[in-house]
Amino acid sequence: MREIVIGPNEADKRLDRFLTFYFKEASSGFIYKMLRKKNITLNGKKADGTEKLKNSDVIKVFFSDETFEKLKGKNEAARKEGLALEKLGNISVIYEDQNVVLVNKPFGVLSQKAKADDISLNEWLIDYLLDKGDITAESLSSYRPSICNRLDRNTSGLVICAKSLQGARVMNELISLRNIDKYYRTVVCGHLTKAMSLKGYLSKDEKQNKVDIKTKDPGDGYSYIETEYEPLQYIKEKDLTLLEVKLVTGKPHQIRAHLASIGHPIIGDVKYGGKKVSSLNHQLLHSYRVRFPEGLDEPFDILAGKEFIAKLPKEFEKITG
């Protein structure tokens with residue numbers, strides 16, 4: 001017999017959904033059969049699977065050790081523990097509490113894996129938390145910490161990550177409702193002199209991994225986008241402008257393509273017509289700061305109204321002086 005003690009990351013889940021996630025190699029039919037036969041019980045009583053789990057609930061599983069491990073399946077994170085930390089190194093952590101981690105993602109690091117053997121910021125996050133002892137290989141059977149907002153591989157800067165299920169729910173809702181203000185720093189070709197708000201419509205060609213922007217709504221396949229920018233510095237000898245950009249909506253390649261559409265592409269961004277720079281092999285775009293809204297409920301009230309900044313990469317200083 002094995003016991004599974006429910007923690008905060010599993011609370012509020014339905015018992016049947018928790019069990020089918022936990023026992024990855026078991027069918028839902030098998031899970032229901034085991035519940036009917038009382039081979040799986042909840043707090044010492046028969047359960048039908050529809051129960052909502054609470055913190056500290058105890059699930060007893062009357063399987064042999066061999067069957068238990070076989071139905072759980074192999075734990076990918078445990079097999080590869082430490083690999084992402086080894087490959088990606090010590091990524092800077094800007095802020096951390098029991099629910100949230102804010103990190104400064106370097107250029108060249110994937111936010112999420114594109115292929116099975118990729119190592120992304122998600123894998124680094126799990127390794128980082130395993131190494132600190134904040135999570136265990138066992139806890140990954142029911143919840144896997146993950147990033148909440150994505151950046152392109154060659155866009156650096158601040159990424160919001162969720163350590164807990166509650167953190168994931170709250171952060172994803174705030175992002176979805178556009179309640180977190182996100183600001184970027186970038187350097188574009190040409191001279192921009194005043195703050196502007198750009199509005200348009202974006203469509204992505206998945207095969208080309210490139211987006212198209214229109215000023216008027218063409219209909220199907222296009223989504224509304226809005227991008228604000230403010231010039232911070234003009235580098236006259238290079239005819240470049242340092243901008244702070246507020247991402248009002250958040251679509252793939254939005255900042256890159258929107259600035260290019262007005263004739264001011266980001267330097268190094270050859271995909272969208274940006275000027276090649278010898279010291280760069282990617283677009284110079286950095287997620288610089290985020291600001292959380294006021295009035296957040298506990299335990300997220302510690303973030304209410306707070307602003308966090310991800311230090312600019314050294315490439316900015318080389319360009320702007």
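**Exercise 1.** Which residues in helix 3 (residues 65-72) are buried?

*Solution.* The model is predicted: local features need pLDDT of at least 70, side-chain atom pairs count only at pLDDT 80 or more, and totals for chains, interfaces and linings use all residues. Residues are numbered from 1 along each chain as its sequence is written, and side-chain values use heavy atoms, with hydrogens and water left out.

Step 1. Helices are DSSP runs (H or I, at least four residues), and strands are too (E, at least two), numbered from the N terminus.
Step 2. Buried means under 20% relative accessible area, exposed over 50%, partly exposed in between (1.4 Å probe, protein chains only).
Step 3. F68, L71 and K72 are the buried residues of helix 3. They lie on the same side of the helix because their arc around the axis is only 105°, taken from the directions from the helix axis to the C-beta atoms.
Step 4. E66 and K70 are exposed, on the face turned away from the buried side.

**Exercise 2.** Find the salt-bridge partner of K72.

*Solution.* Step 1. A salt bridge needs a side-chain nitrogen of Lys or Arg within 4 Å of a carboxyl oxygen of Asp or Glu.
Step 1. K72 meets E138 at 3.0 Å, N to O.
Step 2. K72 counts as buried because its relative accessibility is 11%. E138, at 41%, is partly exposed.
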